Structures are given as C-alpha cells and as structure tokens.
Amino acid sequence: MTFIKIRTKLQLGFLTLSLLAMLAGGVTLYFLNQLTRFREQQQTVNELVIQALKTSKYERNFLRFDASNQAFMQSGNSENHRGFYQSLDSLEKLLQQFEQLGTDTQPVISREVTIIRQAVQQYRALFGIIAQVIRRKGFVDSGLEGEMRKAVHALENGGVADKTTILTLRRHEKDFLLRKNSRYVLKLHALADSLLPLLPQPADQQVLENYLSHFDAIVKLEEQLGFNPDQGLQGSLKAYMERIEPAVTRMRDRINLQTRQVLQWVYWAAGMGAVLFLGLAIGLGYYLSYQISKPIVLLNKTVRSVVEGHWDEEGCLDEIRSNDEIGFLAQNFKTMLNKLHENFDSVEAQNRQLQQVAQQENIRRWLSDGLALLGEKINYASQDPSEKCQQVLTGIIQYVQANQGSVYLLNEGTAPQLEQVASYAYGKKKYLKHTIALGQGLVGQTFLEGETIYLSEIPEDYLRITSGLGDAPPRYLLIVPIKNRQDGQGVLELASFTPFTPHQVELLEKLAGQLAVSLAADRINSKTHQLLLQSQVDTEQVRAQEEEMRQQLEELIAIQENSHRLQNDLLRKDTRISELEAEVARFREAVQHPR
C-alpha cells in the first residue's frame, strides 16, 4: 500500500468535492426517473412476497390436514388444494407483471425472476405428484390403508387363535404410521413371519400376505413422500419453496436497496447542486473527519478499551484503512494486540480444559458416592423384598432428586405378573393398581425387553405428583429394568419435573443391577434357610425313630434273654424228669426181681 501524507489527502479531497458538485445536478434528474420505476417494482415485489407466503401456508396445511381428509381422498379436491393452485396462479401473474415493468437494465433481478419462474413450475408439478401419492396411500377406509384395514379385519375374524399377536401386529403398523420409523417395519415383518406358520387355513395365509403387501406398498409411498419434511418428495417440495422465498426476498431487498440508493443520491445531488459551497464545506469536513479525526477517535477508543480489559473492541482497528501515518500506527497496534490475544486464548483454553476435567471428576465422584451409599442400603437392608425395595427406593429418590417412584417385582405364580411392592409419593388411586401383566404398558414392556425407557413427554392421565399445594403431571419418566444379566427381577419407575441426566441414568441402571443381585441372593438365602429348617426337622424325626428302634431292640434283647433262661429251665427240668424216670424204672425192676 502506497504511503500518502495527510496533507496530500486534504488537497485531493478539495479537488474531488469540487468535481462532484458540478455533476450533482445531472445525476439528480437521472435518479428521480429511476426512483419512479423502483417504486412500482417495489410494490409488485411486496405482493409477490405475500403470495409466496400464502402458497407456502396452503402447502403446509395440505400436508398437515388433507393427508387425513376423507373428502380429499374421495374427490381429490379440498380447500387447501384449491387455494394452493389459485395462489400459485396469482404468483405467476405477478411475475409477468413484474417483467412488463422492465428488467433489462437489472441483470440481477432478471436472473432472480427466471429462477422464481422455473422453481414455480417445478413446485407446481411436484405438488401434483405429492397429491397423487397421498391419495394412493389413502386414509382409514380409502386407498392402500383401506385395503390394509380390510385385510387385517379379515385376519382378525379368521381362524387365528392368538388375538394378542394380531393386536401386536396392528400396534407395529400404527407405530410406523405415526413415527415413520423403519424399525417398526422390521418388527412387523418379524412378527408376521412368526405368525404365518400358525395360520391353519391357506386362505388366512393369503390374507396375511395381502396385508403385508399393502403395508409394504404404504411404506414405499411414505419413503417416497419422506419420513420427515426434509426427506423425499416433501424435502424436494420444501427445497423448491426455499428457492422461491429467498429469491423473492433477494429481489425485494435488491429493489429496496436500489430505491434507498436512489433516494440517497437524489438528496445528496440536490443538496450539492443547491448549495455548492455549503456542500464543499460539509464534504471537506466529512473527509477530514473520516480520514483523520475518526481514525484517531477509533484508535483512542481501542486503547482505552484494551486498558479496561475489553479485548473485543480491537475490531475497531479494522475500520481504519487509511494509508497515512495513522493507518500504519493502527496496523502496528493491531499486531501487538493479536500477539497478546493469542497468549490470552491459550490461557483461557487451559482454564476451560481444567473446568471440563473438574466437571467430569464431580460426576465420577457423584456416581461413586451414590453407588457406595445406595449399595450399602441394598446390601444391609431387610431381606424382606418389600421392605428392602422401599428403603432403596426412598434413598434413590432423595439422591437423584426425583419426585415420584415405584418398584415392581416379578411374582412367579400360575400367571406371572409384576407386583408393586414399594412406592414413593404415589396417590391412592395409582397405588391400588398394584399388579401389571408382563408386556402391559411401559412397565411391562420394559421388563420383557430388558431395556431402559426414558420419556420426556408423558400423557397427563398417566400419573400425577401431589403435594399440599396441589398436583401436577411430571414432565419426565424413567423406567429401568431390575435385572442381573438376562435374569429379570422387576422394574424401577421414576418420575420428575426435571430431566434425568445421562450420569443419573447410568447410576440407576447400575443400582438396578445390584438390587437384582441382592434380591436373587435373598431369595437363595431364604430357600437355603427353609431347607436348613426342613433338614433339622428331618434330623429330629430320624433321631426319634432311632430312639424308638433302640427301645424296641432292647425289648427284643430282653425277650431273647428271657427265652434263653426258660429254655435252660426246661432243659434242666427235662434232665430231672429223665433222672426220675430212670429211678422209677430201677425201682420197678427192683420190685419185680427181688433178691
């Protein structure tokens, strides 16, 4: 950049202002003619903006309401549909009117008109295609949705024994139509594949295949339309409108800018022509202010701001573009500030890094303290499941600062179900609903799937948090399965007015796992205790039987000894009898044969 002294700039400024004063009269007349034409264009562009907004409004209303409008499905016509085309026709007429005003000398505006015309034509054609796709998809009893509804009703009235599977099939269908999420398509096909072998009749199987073909056709149409306003045909339609509206806005801004410029030039030229000498004085004063006084003021302001610690004011130096002594001084001062700012940014980055580390450390300490505190409650609480869950639930509510909570445990009976064993701040009406079937509602579904559910939008009639000042529905709901690996024990449900942070969810999932392990251990200990008691009873019975057998054995031994004694007595008696018989025989012989 060539260095020019301030004195030379003053001389050049006086000469330039003199020449501009002579040209002011001619320029003023020219810009007055331009101003009239720009005014007319400005009015036309404002009408274009209004029609573009009306067209966009009819488009949004059509996509929002007429996609579920039975009258449109039957006749192919609706108020929004007619309004869209009428507004689009008005837009094209305004474009023709704008071109008639003449844009040959305005290449930028002429290019914008061409862009708008092409976008409007494509916008019209694409809107017609979307209307046809929506009618083909149908709603309720019309189009593909009507055919799908007939097929599923025929399947429900057929020979399917398990109606729950049909209802689950319908739920996946409705989930897809509401949420436009492809994972529900996979779930529906998986369930249909499992249902197909269970259908006894070929006719029922054909009905199911018809239902699936209609559903897949609807999925393709939804994908063609776009699962959200930024995808598919909707995204293309939105892109065309986004081309039209900015182009119209650019035209309006361009014409407004030109109008303002013309007005400025008219005022300036008229003033300069009327009072030439006054204009020269004002121009010279402005030139001196801009080239000398203003840079000095900005430089002084920047120095004062930096001294006060306001580093963001250094941008004022960029406004000093003079190539004189003041400009070089400003550039050198800016270089110095940049060096200081780099050092300051380095220190500030280190501080931010330290703050992040401290925040992570606080979260880690919070998790560790929570696991230790609540884990102690889990390990040393009563072995009764209800009392243990109540103590643990109270501790969790207080630690994570939730507002309401409940614990459901699996009751393995003839019909397994989840039973509410502990609650915190539940109303009486909610507490009476103490059992939930597996798979029923969010709690039952969480138990079956074994995955945490976090909702930020809760229906008002789901539950309410009550206090002495009134009641209100919570805004956030967290449902955590109580499981140890794949062994489900129950479900933990928490509600709060404030959102649950990721580290709170992590803590609750870990505590739910510890609680599942503790409950399983308590159950095993209870069974072991019962077996021990039964073993003691059996041991006492065995001891009693042994004592009875011992007494019977002693009695048998006594009887045996008595029997031996009697036998010995009989032997002695037999021996004595034999001796007596021998003596009698000798005595008879002596009597018969005396000497």
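Modeller: Let's start with a word we'll need: buried means under 20% relative accessible area, exposed means over 50%, and partly exposed is in between. One caution before we go on: this is a predicted model.

Biologist: Fine. Is Phe 84 buried or exposed, and why?

Modeller: Phe 84 has a relative accessible area of 0%, so it counts as buried.

Biologist: And how many aromatic pairs are there?

Modeller: Nine aromatic pairs by this rule. Take Phe 84 and Tyr 85: their ring centres are 5.4 Å apart and the planes sit at 85°, so we call the pair edge-to-face. The cut-off behind that name is planes over 60 degrees apart.

Biologist: Now for Phe 176 and Phe 215. Why is that pair edge-to-face?

Modeller: Run the reasoning again: the ring centres of Phe 176 and Phe 215 are 5.6 Å apart with planes at 65°, so the pair is edge-to-face. This one links distant parts of the chain, with Phe 176 in helix H6 (residues 163-179) and Phe 215 in helix H8 (residues 202-225), 39 residues apart. Phe 176 is buried because its relative accessibility is 0%, and Phe 215 is buried with a relative accessible area of 0%.

Biologist: Where does Phe 227 lie?

Modeller: Look in the loop between H8 and helix H9 (232-274). At 25% relative accessibility, Phe 227 counts as partly exposed.

Biologist: What does Phe 227 touch, leaving out residues up to four places away in sequence?

Modeller: Phe 176, Lys 180, Val 219 and Glu 222. As for Lys 180, it is 47 residues from Phe 227 along the chain, yet their C-alpha atoms are separated by 5.3 Å.

Biologist: Which residues line the largest cavity?

Modeller: Val 392, Ile 396, Ile 482, Leu 492, Leu 508, Leu 511, Ala 512 and Leu 515. Sort that lining by type and you get eight nonpolar residues, no polar and no charged.

Biologist: And which helices supply at least two residues of that lining?

Modeller: Helix H12 (385-400) and helix H15 (502-592) each do. H15 gives the largest share of the lining, four residues.

Key: Residues are numbered from 1 along each chain as its sequence is written. This is a predicted model: local features need pLDDT of at least 70, side-chain atom pairs count only at pLDDT 80 or more; totals for chains, interfaces and linings use all residues. Side-chain values use heavy atoms; hydrogens and water are left out. On a 1 Å grid over the protein atoms alone, a cavity is a set of points where a 1.4 Å probe fits but cannot get out, and a pocket is an open set with protein on both sides within 12 Å along at least five of seven lines; lining residues have an atom within 4 Å of a point. Ala, Val, Leu, Ile, Met, Phe, Trp, Tyr, Cys and Pro count as nonpolar, Asp, Glu, Lys and Arg as charged, and the others, Gly among them, as polar. Rings of Phe, Tyr and Trp (its six-membered ring) pair if their centres lie within 6.5 Å; planes under 30 degrees apart count as stacked, over 60 as edge-to-face and the rest as tilted. Buried means under 20% relative accessible area, exposed over 50%, partly exposed in between (1.4 Å probe, protein chains only). Contact means heavy atoms within 4.5 Å.
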